[in-house]
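Colleague: I have a new model on my screen. Can you show me how to read it, feature by feature?

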Amino acid sequence: MPLVATGEIVGTAARAGLGAGAFNVIQIEHAQAIVAGAEAAGAPVILQISENAVRYHGALAAIGRATVEVARAARVPVAVHLDHATGPELVREAVDLGFGSVMFDASALDYDGNVAATAGVTADCHAHGVWVEAELGEVGGKDGVHAPGARTDPADAAAYVAATGVDALAVAVGTSHAMVVKAAVVDLSLVAALRTAVPVPLVLHGSSGVPEADLTRAVEAGLTKVNIATHLNVAYTRAIRDHLTADPDVVDPRRYVAAARDAVAREVTRLLKLVRATR
């Protein structure tokens with residue numbers, strides 16, 4: 001099945017009241033595992049590469065091209081997305097590599113600066129058929145203006161979408177990035193109000209910290225794209241640790257990394273069902 005546009009996956013899910021699972025890629029094994037999990041679930045999926053992952057690899061090209069190729073070989077619809085890009089140069093590189101969407105994060109700027117920068121990136125991306133996600137203020141855990149208790153105002157969100165022309169909006173509704181415990185409390189009434197006020201799909205960042213039943217409730221309340229990274233990293237690391245504990249003499253990384261890849265694939269299958277990515 002060919003690589004598909006992110007907007008196709010998210011738009012279809014939003015119209016059907018379903019969720020779209022978006023999972024972060026750090027190494028090629030993550031991409032392989034996420035696709036395998038989506039194939040087992042019979043659901044579409046979004047592969048995300050963050051600016052932090054680009055920094056880890058030293059450049060976007062190698063991991064970006066590998067991820068695009070994994071997506072192209074999938075048996076379910078798969079999109080490739082650039083996550084939390086803070087500069088237009090990285091956005092342009094992702095567009096040139098064939099990414100179907102970007103999340104442009106200008107939330108560290110003041111409101112007028114955010115709108116101007118985001119509107120410019122959005123216009124350029126739209127000229128190349130690329131879908132754009134943005135956020136009005138940073139979600140917790142990224143050293144920005146949002147603490148976990150911060151909330152996105154529905155009227156402000158609607159005005160921001162109108163001013164920038166973005167295709168999706170990441171909202172602050174009680175989550176925080178990089179949580180390893182599921183203690184976040186999603187403000188479901190705010191999600192419903194945002195869904196009414198904002199004419200584009202809503203995105204939940206920091207979903208690893210959300211209790212699993214609340215992930216389903218959040219989608220039912222109006223969130224569509226659900227980003228998950230840390231939860232998969234926990235599963236990946238635990239599987240490697242368990243394998244090395246059970247077989248301390250192993251030296252072939254293919255053995256313990258394969259165990260991690262399989263663990264992530266199982267979690268992706270389960271999580272896609274939780275976010276109602278398929279009926």
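Colleague: Let me start with one residue. In which loop is Val173 found?

Modeller: Some ground rules come before that. This is a predicted model, in which local features need pLDDT of at least 70, side-chain atom pairs count only at pLDDT 80 or more, and totals for chains, interfaces and linings use all residues. Residues are numbered from 1 along each chain as its sequence is written, and side-chain values use heavy atoms, with hydrogens and water left out. Helices (H or I, at least four residues) and strands (E, at least two) are DSSP runs, numbered from the N terminus. Now your residue: Val173 is in the loop between strand E6 (168-170) and helix H8 (188-197).

Colleague: Is Val173 buried or exposed?

Modeller: Buried means under 20% relative accessible area, exposed over 50%, and partly exposed in between (1.4 Å probe, protein chains only). Val173 has 0% relative accessibility, so Val173 counts as buried. Sequence distance is another thing to check. Val173 and Val191 are 18 residues apart in sequence, and their C-alpha atoms are 6.9 Å apart in space.

Colleague: Which strands pair with E8?

Modeller: Strand E1 (residues 20-24) runs parallel to E8, joined by four bridges. Phe23 stands opposite Ile228 in E8. Strand E7 (residues 202-204) also pairs with E8 in the parallel sense, over three bridges. There, Val203 stands opposite Lys225. Six of the six residues of E8 (residues 223-228) are buried, so E8 is largely enclosed by the rest of the structure.

Colleague: What does Leu90 touch?

Modeller: Leu90 lies in helix H5 (residues 88-97). Leu90 counts as buried because its relative accessibility is 14%. Not counting residues up to four places away in sequence, Leu90 touches Glu51, Val54, Leu60, Leu82 and Ala85. Leu90 and Glu51 are 39 residues apart in sequence, yet 8.2 Å apart from C-alpha to C-alpha.

Colleague: Which residues of H2 are buried?

Modeller: An α-helix has 3.6 residues a turn, so residues three or four places apart point the same way. In H2, His30, Ala31, Ala33, Ile34, Val35, Gly37, Ala38 and Ala41 are buried. These buried residues pack against several elements, including E1, E3 and helix H10 (230-246). Just after H2, Gly42 takes a positive phi of about 65°.

Colleague: Which side chain does His231 meet in a polar contact?

Modeller: A polar contact is a pair of N or O atoms within 3.5 Å; within protein, one must be able to donate a hydrogen and the other to accept it, and residues adjacent in sequence count only if both atoms are side-chain atoms. His231 is in helix H10. The side chains of His231 and Glu267 are joined by a polar contact of 2.6 Å. His231 counts as buried, at 16% relative accessibility.

Technical notes: Pairing = 2+ DSSP bridges. Contact = heavy atoms within 4.5 Å.
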